[in-house]
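Dear colleague,

I am handing over the structure below, together with some notes on what was found in it. Please read them beside the model.

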Amino acid sequence: MKLKQSTGTTGKVKQATTGKSRQVAAKAPASGGWLRRVLMAAFLGLVVFASYEYARLPSAEPLLKQNPKLTALMEQRAEEARDAGQKPRRRQHWVGLSSVSRHAIDAVLLSEDASFYLHEGVDTKELENALEDAVRKGKLGRGASTITQQLAKNLWLSTDRSLLRKGKELILAHRLEEALPKNRILTLYMNVVEWGNGVYGIEAAAREHFGVAAAELTPAQGAILASMLPAPRKRSPSSGSRALKKRAHWTIDQMEVVKRLNAEQARAAHAEIDQILGGKKPEESEDEAEG
């Protein structure tokens, strides 16, 4: 009898142990589950925020026929200059896309948003990757912003990197896409984006950095201007930036891949980049970023 009781007790212990093991296994999260939950929580937070803020944000419809006189970025830069005891600088000359070198437009599109004419303002795959990267690093980086999102930020928002600003940016990008045709969005972007200290728009950039009109920009010059955009006040042609040079060469390579340039034009553009920026084609670049 004692032996049977002992055996029964052992069986119960084994059952209890097995049950606990199953509970532990059931509670163990799948690999990457925590990241998905964080991303979902962030997404839901953005949805709640969007519902609250949507009506308070500006309409994009007036931009269909009107060019903005000032942008939030211009006002921010002017305030920064005044705070530093300097006179605000602003160079800007509005032009239509027909007055811009086709090579320069291609360079900007390939460098900043190759799928511009395919998406509806937000590249969802790139946004997902950027959010995952933000969770890992604990901060929101620059990546994943389409041209439409960058335009929304320049027109109405600040350069701070926060989920709050990102949420507003997504709403406003949607409004731009709903209200304006793609070419109008691109025209606005090409005329308000920052291209150096107090330099806004591609016409002013062409004159400032190369002494030519936007219509006269060569493929190399267009690639250099396009490659300035991640950090336009650091990556000037006279800055000696290795990141600028590497990106410009990469942009020319992409233009050749998609047949915007033939092999001979690409070789000439690479040589011109080296002539403008000096030295040989770089193999590595410094990590530069600007809000």
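In these notes a residue is called buried when its relative accessible area is under 20%, exposed when over 50%, and partly exposed in between, using a 1.4 Å probe and protein chains only. This is a predicted model, in which local features need pLDDT of at least 70 and side-chain atom pairs count only at pLDDT 80 or more, while totals for chains, interfaces and linings use all residues. Residues are numbered from 1 along each chain as its sequence is written, and side-chain values use heavy atoms, with hydrogens and water left out.

A search of the whole structure for aromatic pairs (ring centres of Phe, Tyr or the six-membered ring of Trp within 6.5 Å; planes under 30 degrees apart stacked, over 60 edge-to-face, the rest tilted) finds 1. The ring centres of Phe116 and Tyr117 lie 4.9 Å apart with the planes at 80 degrees, so this pair is edge-to-face. Phe116 is buried, at a relative accessible area of 1%, whereas Tyr117 is partly exposed, at 42%.

The ring of Phe116 also has the charged end of Lys182 over it, 4.4 Å from the ring centre, where "over" requires NZ of Lys or CZ of Arg within 6 Å of the centre and within 35 degrees of the ring normal. The charged end of Arg247 likewise sits over the ring of Trp250, 4.2 Å from its centre.

Finally, Glu203 is buried, with a relative accessible area of 5%, and, leaving aside neighbours within four places in sequence, is in contact (heavy atoms within 4.5 Å) with His93, Val95, Ser99, Ala213 and Ala214.
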